[in-house]
Amino acid sequence: STVHPASPPLLCTREDKDVAISPLRILAESQHSFEKHIQSILQRSSANPLLLKSADKDAAPPPEECLQLLSRATQVFREEYILKQDLAKEEIQQRVKLLWGQKKKQLEDLNYCREERKSLREMAERLADKYEEAKEKQEDIMNRMKKVLRSFHSQLPVLSDSEKDMKKELQTIHDQLQHLSNAIRQVKMKKEYQQKKMEKGTSPRKPSITLSAYQSKCIQTVLKEEGEHIREMVKQINDIRSHVNF
């Protein structure tokens with residue numbers, strides 16, 4: 001059996017620990033170019049010996065040696081030419097297959113990027129339309145709010161000088177009514193007190209108090225004055241109320 005010399009490893013059969021790394025990147029990061037790699041595969045380590053033809057038939061090598069030389073030349077030709085050319089051919093085919101696969105993958109990625117760009121462009125157009133619509137609605141709402149505020153401010157009551165005087169006069173009348181109400185309440189309390197005193201003085205259960213004619217006249221005069229004072233205040237209150245209602 002013939003022992004073949006070890007050939008250089010194929011670049012495409014290099015083990016990759018990270019599956020996500022592109023094979024083209026592996027080739028690009030290689031220390032040698034693809035051309036040098038093919039040259040290293042085709043490089044010969046031995047060559048066939050050169051035989052010189054002699055004019056003397058007796059000087060020719062024996063048939064056994066010629067057969068050995070032929071076998072050696074055939075082995076060298078097979079190992080140094082045919083096998084290495086087959087290895088180079090396989091390497092080139094693997095490289096072409098890899099490049100076609102990468103080209104297909106790049107075309108798919110390119111189509112995907114185009115679709116994504118188209119989708120993003122359509123989304124951007126929709127967002128721009130929505131933004132313009134929202135901006136118009138916001139401006140419309142702001143204009144309506146300004147209009148409402150202007151209408152509200154225009155409807156606020158603005159008092160003239162005469163109305164301010166009337167308001168002041170009404171406030172004074174209100175204060176006078178409060179004062180008169182307090183005075184009437186005091187008069188009523190006094191009247192009730194006087195009536196209780198008179199009833200107490202005329203009660204049969206208690207000893208009667210004898211009043212002189214002068215005292216009786218004074219009491220009647222006081223009651224008459226208080227009654228007239230009450231009637232006068234009631235009249236003033238009625239006049240003020242009628243004036244306010246008017």
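## Charged side chains in the predicted model

By the rule used here (a side-chain nitrogen of Lys or Arg within 4 Å of a carboxyl oxygen of Asp or Glu), the count comes to two salt bridges. This is a predicted model, so local features need pLDDT of at least 70 and side-chain atom pairs count only at pLDDT 80 or more, while totals for chains, interfaces and linings use all residues. Residues are numbered from 1 along each chain as its sequence is written, and side-chain values use heavy atoms, with hydrogens and water left out.

Here are the two pairs:

| Salt bridge | N to O distance |
|---|---|
| Lys105 and Asp109 | 3.0 Å |
| Glu133 and Lys137 | 3.6 Å |

Lys105 and Asp109 sit four residues apart in helix α3 (residues 63–154), so about one helical turn separates them. Glu133 and Lys137 are also in helix α3, again four residues apart, or about one turn. Helices here are DSSP runs (H or I, at least four residues), numbered from the N terminus.

How open are these side chains? Buried means under 20% relative accessible area, exposed over 50%, and partly exposed in between (1.4 Å probe, protein chains only). Lys105 is partly exposed at 41%, and so is Asp109 at 32%. Glu133 is partly exposed at 42%, whereas Lys137 counts as exposed at 51%.

There's also a surface patch of negative charge, made of Glu122, Glu125, Asp129, Glu132, Glu136, Glu139 and Asp140. Patch members have over 30% relative accessible area and no salt bridge, with like charges joined within 9 Å. One of them, Glu122, lies in helix α3 and is partly exposed at 36%.

Definitions and conventions. Helices (H or I, at least four residues) and strands (E, at least two) are DSSP runs, numbered from the N terminus. Patches are made of residues with over 30% relative accessible area and no salt bridge: like charges are joined within 9 Å, nonpolar side chains (Val, Leu, Ile, Met, Phe, Trp, Tyr) within 5 Å. Accessible areas come from the Shrake-Rupley method with a 1.4 Å probe; for residues, only the protein chains shown count as cover. Lys and Arg count as positive and Asp and Glu as negative; His and the chain ends are not counted. The place of a charge is taken as NZ of Lys, CZ of Arg, CG of Asp or CD of Glu.
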